[in-house]
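Here is a colleague's note on the model shown below.

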Amino acid sequence: MSEEWIADRMHLIDASGIRKVFDLAANMKNPINLSIGQPHFDTPDEIKDALCQAVRDGKNAYSQTQGIAPLIEKIQTRVDEMYHHEDRQVFISSGTSGALMLVLNALVNPGDEVIVFDPYFVMYTHLTRVVGGKPVFVETYPDFKIDVEKVRAAITDKTKLILFNSPSNPTGHVASEEEVRALAELAAEKNIALVSDEIYRSFCYDDPFVSPAAFNEKVIVIDGMSKSHSMTGHRLGFVHGPKAVTQQMIKLQQYTFVCAPHPVQWAGLAALDYDISGRVEEYKEKRDLMRDLLSDRFEIAGAQGAFYMFVKAPWGTGTEFCTEAIKNNLLIIPGNVFSNQDTHFRISYAQENPVLEAGAEILNRLADSKG
């Protein structure tokens with residue numbers, strides 16, 4: 001009878017589709033894994049050393065809820081130099097996922113609408129529903145570009161917030177300056193909160209990264225070091241935006257996460273000075289390799305950044321194609337995990353090149369099998 005205790009909100013969300021895929025693949029032995037949503041390299045030694053030193057130095061109690069002063073000051077200085085906004089405050093969050101939870105709870109009332117671009121990061125829709133909001137989808141197929149007129153048409157008097165992610169998970173699309181400016185200006189015109197998830201901003205391969213905060217002083221930016229410095233398990237993120245919003249998020253963090261892990265914040269301070277340009281170039285080469293290996297048989301849009309490709313299935317649904325791939329010992333994620341459509345699948349090229357080449361060989365063979 002304990003099921004009767006479950007809150008209604010929990011029935012509005014489902015277990016992660018990615019977890020379901022992993023359950024399906026539980027019996028695979030040494031699979032070729034192109035599903036991983038994190039870097040394939042370990043946390044750099046300099047960052048590990050800073051973390052260990054912080055632990056040895058006794059930085060093991062709570063920090064201030066908003067984060068340690070040296071880390072805030074360094075990020076705040078960089079943000080101020082970049083945007084020159086009078087009202088833009090930085091605080092340290094317990095990961096970017098934690099920051100998403102904070103911002104949605106701080107801004108979205110039950111019944112408010114949240115615009116989400118389809119395909120989307122899985123967390124966006126589930127967290128929106130948990131806080132009582134309603135996801136409103138703006139489709140970006142087939143090229144994954146943002147059409148601002150579609151966004152305008154989706155806005156109602158209930159629209160509270162737009163969730164924006166560039167470079168994108170799952171598509172790898174990097175929004176152009178034209179797309180970003182138009183979205184930022186529309187949000188300002190309509191007085192709608194625009195949340196920019198910039199966790200992959202370091203990984204742009206063809207054109208420079210552009211933040212909507214460059215065109216709209218009220219944009220709320222969520223960022224962190226999880227992907228850029230391979231610190232996904234450290235749970236360290238940061239937020240900057242209007243003080244009226246960040247103060248509410250800090251207040252909520254006090255009563256939920258309390259603070260980001262204290263010694264990890266000192267590791268983050270070291271991460272800010274660590275050069276990742278070599279890794280960015282490495283992932284660009286991996287992107288180019290996979291595009292060269294797959295482009296003859298697969299339709300690939302996006303993939304200008306992050307380390308994902310959202311590839312159109314050459315036959316059947318995305319789920320059917322992924323099921324066949326799993327039978328061939330290849331682990332990829334069906335597109336309906338990230339979308340209301342089931343036409344694509346996501347691959348991650350955060351892997352060693354021999355693994356990528358083996359995965360591409362299987363994908364091409366499967367494409368030809370029913371071609």
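**Notes on the model**

1. Salt bridges overall. The whole structure holds 19 salt bridges, each defined as a side-chain nitrogen of Lys or Arg within 4 Å of a carboxyl oxygen of Asp or Glu. Side chains of opposite charge can pair when their charged atoms come close. Helices (H or I, at least four residues) and strands (E, at least two) are DSSP runs, numbered from the N terminus.

2. Basis. This is a predicted model, with residues numbered from 1 along each chain as its sequence is written. Local features need pLDDT of at least 70, side-chain atom pairs count only at pLDDT 80 or more, totals for chains, interfaces and linings use all residues, and side-chain values use heavy atoms, with hydrogens and water left out.

3. Domain division. Domain 1 takes 3-43 + 276-368, and domain 2 takes 45-272. These bounds come from an automatic or database domain assignment. The C-alpha centres of domain 1 and domain 2 are 24 Å apart.

4. Annotation. An unreviewed UniProt entry carries "domain: Aminotransferase class I/classII large" over residues 30-351. UniProt positions are in the numbering used here, feature names are shortened, and annotations may be inferred rather than shown by experiment. Within residues 30-351, 37% is helix and 18% is strand, and the end C-alpha atoms lie 14 Å apart.

5. Interface size. How much area do domain 1 and domain 2 bury between them? The figure is about 3,300 Å², with 57% of it on carbon and sulfur atoms. Buried area is the accessible area (1.4 Å probe) that two parts lose on being put together, summed over both. In contact terms (heavy atoms within 4.5 Å), 34 residues of domain 1 meet 38 residues of domain 2.

6. Two salt bridges are counted between domain 1 and domain 2. Asp42 and Lys48 also meet through their side chains in a salt bridge, 2.6 Å from N to O.

7. Elements at the interface. Helix 10 (277-294), strand 10 (308-312) and strand 13 (344-348) each supply at least two residues to the side of domain 1 that touches domain 2. Helix 10 gives the most, with four residues.

8. Backbone points to check. The peptide bond from Tyr141 to Pro142 is cis, with omega near 0°. Pro142 is in the loop between strand 4 (134-139) and helix 6 (148-154). The bond from Asn169 to Pro170 is also cis, with omega near 25°. Pro170 is in the loop between strand 5 (159-165) and helix 7 (177-190). Asn191, in the loop between helix 7 and strand 6 (193-197), has phi near 55°, a positive value in a residue other than glycine.

9. Val130. This residue belongs to helix 5 (residues 122-130). Val130 touches Arg9, Ile13 and Met101, not counting residues up to four places away in sequence. From Val130 to Gly359 the C-alpha separation is 36 Å, across 229 residues in sequence.
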